[in-house]
Amino acid sequence: MTDKDTLLEGLKAAVADGDDDRAQHICQQAIDSGIDPVVVIRQGMGPAMEQLGRDYEAGECFIPELLIASDAFYAGLDVLRPYIKFDQAGDRAKVVIGVVQGDTHDIGKNLVKIMLEAAGFEVYDLGRDVPPLKFIEKAEETGAKIIAMSTLMTTAMDSMQGLVDLLKEKGLRDKYVVLIGGGPVSKKFADKIGADDYGASASEAVRIANRLVL
Amino acid sequence: MFQDKMTPKERMMRLIQKKPIDRVPVIPFSKGYSARIAGISRGDFYRYPAKAVEADAKLRARHPGLDGGPSYGWADYGAWDFGGEIKFPFDNESQTPQVLKTPIQSPEEVSQLAVPDPRGNGIMQLVFEFSQIMRQKGGRAMVYLVSPGNCAASIIGKKDMLKWILKHPGQLHEVMRKATDYLKATTDWFAEEFGAENCTVYLGYPIESNQLISPKHFKDFFQPYTRELHEHLLSRGIKLCIEHICGDHRGNLEYWRDIPIPPRSIITIGNIMSLRDTADFFGEDYIIAGNVSTEILAAGTPEEVKQECKRCIDEGKELPGGFVLMPACNLPAVTPQESVDAMLEAAREFGAY
């Protein structure tokens, strides 16, 4: 195993353990050793998050583990960010993401966001309780290809329909891929409201996003 | 066409007494939908218990034959009562009241967190007023609570609480201790005021779902306090609970064995869980309620709703402890009225005894 491999393996473990300090320390070591920060993300921290996503789907890890790993991921990213050159990151597909109006549960949305980032997407996070128009304005402004929205509440599902209807009203429906996710929604609901697809988990959301834009 | 032979009150009373009834009861689990039917904002519904009771009366006038008492309360209890800030959705900008500021921001603040007196305080005062109105109308005092875990999540913030399971377990236990003490003090207050025999205690468990936490987390952090609260309820003479086991609790079930739920209580489940398996687990002393998909209620045709209800009735109707047809979770505010009609139609068409 090369020094680089050892560092990346250590970083994967630090992220999986949710150890912010260790993740930051190894990221700094990687930078000091001249390892490309994009490689550190794509071969170190990204795969760690992807593995946790698969473990969650398999019922082998749960949201607390994912949340502390996410914190470690972002802690490491803070160290790497100043060293990433934009042209180096390539032409990344852009995603606008948010929790729909009427709902403030954002744990699932944050996990999808981090998995998308780990997979190389450029993500614009509008936060929670986001009105439909705000999603569209941000997508128009940034040139995003995907609008992704989530809700945990059965009571806020109508906001998803509202966004699709608004896109149609503005003649923009075909310009964007609309993805939905969250506890009470389903593929069937996506079809009913005219969204493009539904992701049952953060990992699946990334697979779908990759499929739809590539 | 089947005609109801009992009033909703008679039907529920007999079900709880394990006596024969005319058809499967239908509890709508309706709050935001009731506000919509009554033409009031969700802020008015939650802030003014009298309006919630009025909205429920309008719901039942629109859909005659619905069973059970009016629903009230919401999942995010604790933040307001322990000194945080919440906002009521008077413009319908959110579905339920939202926490603006949690009472504590860090693990270091836990030791300073005081357990308030529930009398006249926050949400508990509203639930108390709701129960007063119910008693004045000749009904039961509905003690709408949340589980100790959800109370702690509201005090800490849901996301942080989930992280504390791994990062600050000691402080999480401390908050759970305080949340449990507050819930116990609340039930003491209601039992003294209304008489324990007149109280129905509702408890919801969304944060404990295995979609969020592992069975081991449940065992280590949540089950002990849930058990303690139930032991307290029993010792105070509470004889009826409604336990909304929200989401997916299949992995937690084995740890429910030691939680003493009063016999003839209602266990309500979401549509990830099986009505039959849950009934097998809890046994014939308990009524199982559920688990009509809220997605189908909100977005399906009346025929799809009827078929979904038939699925539940086919699975639940002959359960030995009894069965109630009920949405898997709160009835979405956007549910078409025809969906609620279809639930009642299904209960009459497929659920007659």
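This is a predicted model: local features need pLDDT of at least 70, side-chain atom pairs count only at pLDDT 80 or more; totals for chains, interfaces and linings use all residues.
Reader: How do the strands of a sheet pair in general?

Author: Strands in a sheet are joined by backbone hydrogen bonds, and the pairing is either parallel or antiparallel. In chain B, six strands form an open sheet with parallel pairing, in the order β3-β4-β5-β6-β7-β8.

Reader: Which strands of chain B stand at the edges?

Author: The edge strands are β3 (141–144) and β8 (323–327) of chain B; each has a single partner strand, so one side of each lacks a neighbour in the sheet. From one strand to the next, the twist averages 20 degrees.

Reader: How many bridges join β4 to β5 of chain B?

Author: Strand β4 (residues 199–204) and strand β5 (residues 241–245) of chain B run parallel and are joined by four bridges. Within β5(B), the residue opposite G204(B) is H244(B).

Reader: Which strands does helix α11 of chain B touch?

Author: Helix α11 (residues 275–282) of chain B packs on the sheet and touches β5, β6, β7 and β8 of chain B. The direction of α11 makes about 160 degrees with that of β7(B). Helix α1 (residues 8–16) of chain B lies across β6 (266–269), β7 (287–292) and β8 of chain B, and runs at about 120 degrees to β8(B).

Reader: How many aromatic pairs does the structure hold, over all chains?

Author: Over all chains, there are 26 aromatic pairs. One of them joins Y72(B) and F130(B): the ring centres are 4.7 Å apart and the planes are at 10 degrees, so this pair is stacked, planes under 30 degrees apart being counted as such.

Reader: Where do Y72(B) and F130(B) lie in chain B?

Author: Y72(B) is in the loop between α4 (49–62) and β1 (85–87) of chain B, while F130(B) is in helix α5 (residues 122–136) of chain B; the pair therefore ties together parts that are 58 residues apart in sequence. Both Y72(B) and F130(B) are buried.

Reader: Why is the pair of F190(B) and F194(B) tilted?

Author: The planes of the F190(B) and F194(B) rings are at 50 degrees, with the centres 5.8 Å apart, so the pair is tilted. Both residues lie in helix α8 (residues 169–194) of chain B, four residues apart, which is about one turn of the helix.

Reader: Are F190(B) and F194(B) buried or exposed?

Author: F190(B) is buried, its relative accessible area being 1%. F194(B) also counts as buried, at 11% relative accessibility.

Methods. Residues are numbered from 1 along each chain as its sequence is written. Chains are lettered from A and ligands numbered from 1 in the order in which they are written. Side-chain values use heavy atoms; hydrogens and water are left out. Two strands pair if DSSP finds at least two bridges between them. Helices (H or I, at least four residues) and strands (E, at least two) are DSSP runs, numbered from the N terminus. Axes are lines fitted to C-alpha atoms, for helices over the stretch in contact, and angles run from 0 to 180 degrees between N-to-C directions. Contact means heavy atoms within 4.5 Å. Rings of Phe, Tyr and Trp (its six-membered ring) pair if their centres lie within 6.5 Å; planes under 30 degrees apart count as stacked, over 60 as edge-to-face and the rest as tilted. Buried means under 20% relative accessible area, exposed over 50%, partly exposed in between (1.4 Å probe, protein chains only).
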